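Please look at a handful of residues, one at a time. Keep the sequence beside you as you read.

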Amino acid sequence: MPRQLSYANAILEATDQAMALCREVVVLGQLVDTKAGIFGTTTGLVDKYGSDRVQDFPVSENLMTATAMGAALAGLRPLIAHQRLDFMIYSLDAIVNWLALWRFKSNGKSAMPVTIRAIVGKGWGQGPQHSKSLHTWFAHLPGLRVAIPATAYDAKGLLLESIFGESPTILIEGRGLYSMTDAVPEEPYRIRFGRAATRRQGSDITIVAMGMMVPLALRAAAILEGEGIDAEVIDPRTISPLDRKSICDSVRKTGRLLVADPAWRSFGASAEIIASVAESTGDSLLTKPCRVTLPDSHTPMSAPLEREYYPDESTIANSVRSMMSGKELAVESRL
């Protein structure tokens, strides 16, 4: 039986193996050197590799990012861990005006191989300041790679690919995925960016799901199977670059497209995917595409409102039923 590993432990194992393979790999972040180790993803690394390579940082995200950029220029491969994507925004100037531009401005003669882990997700009453899904922001920037791993297998492979690649990379990690397990090889491996994964084969409708939406889409597909609806589930894994070909090939086969994006509806990755399909395969569509997203509203704090705010497998299944029946259903918000 293949070895099972949790999402959090897969991240820890990838980091440990990268540090063992290459002395230039260093880890920076608030509380990365504690026993808790950012939800267990950095636990024990400081004991194994020392404080020179696993460094705690003050609450100064911009300083941490600038330090990582300087370290990268000096030949290191820094890995930054942010417990809250929201507060990573304090380093936006460094990311937008320096990190993403560096290779372009140097005419390809210099690189900043910085990897940034950014954690986001619902639960525990996170509220509007601790739960923003901003992957589309970063995917909009030329020069940055952006990944949204949905499985432990992908979390390890995409992290190793990021650390040993030459492009600055942001990995968006759904906090709710940390306890989910998957078959993960013990040896190091890399997953190339821009290659989607087909999580489930189907013939009636294509569901493109990202990050936290992937397990929901798979559960929805299982429900729909009992009703005679055969859904194909595509996980892009990375949105910059985006595997448009795999998505369009699937839609040509099924004729229907639903995009499940764990972010706000307007101007998001879901819109880009639908636009790409319309431009490339619009004549193959049997019905209008549909989006299942977060509402264009800040995240409520209370648990009952939070449950209403986030889509679940029923939201996706109901949207698919509506598409199959030809009826329109508003799904951007249940509030």
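The sections below go through selected residues and their surroundings.

## Ground rules

This is a predicted model, in which local features need pLDDT of at least 70, side-chain atom pairs count only at pLDDT 80 or more, and totals for chains, interfaces and linings use all residues. Residues are numbered from 1 along each chain as its sequence is written, and side-chain values use heavy atoms, with hydrogens and water left out.

Helices and strands are DSSP runs, numbered from the N terminus (helices: H or I, at least four residues; strands: E, at least two).

## Thr299, a buried residue

Start with Thr299. This residue sits in the loop between β14 (290-294) and α13 (303-309). Thr299 counts as buried because its relative accessibility is 6%. The cut-offs are these: buried is under 20% relative accessible area, exposed is over 50%, and partly exposed is in between (1.4 Å probe, protein chains only).

What does Thr299 touch? Leaving out residues up to four places away in sequence, its contacts are Gly127, Pro128, Ser131, Tyr309 and Tyr310. Contact means heavy atoms within 4.5 Å.

## Leu21, an exposed residue

Now turn to Leu21. Helix α1 (residues 7-21) contains Leu21. Is Leu21 buried or exposed? Leu21 is exposed, because its relative accessible area is 57%.

Leu21 touches Phe164 and Pro188, again not counting residues up to four places away in sequence. Thr206 is 185 residues from Leu21 in sequence. In space, the two are 40 Å apart, C-alpha to C-alpha.

## Backbone details

Next come two residues with a positive phi. Leu31 has a phi of about 70 degrees, although Leu31 is not a glycine. Its place is the loop between β2 (25-29) and α2 (37-40). Leu31 is partly exposed, because its relative accessibility is 44%.

Asn107 is not a glycine, yet has a positive phi of about 60 degrees. Look for Asn107 in the loop between α7 (102-105) and β5 (115-120). With 64% relative accessibility, Asn107 counts as exposed.

Finally, check a peptide bond. The bond from Ser240 to Pro241 is cis, with omega near 5 degrees. Pro241 lies in the loop between β12 (238-240) and α11 (244-254).
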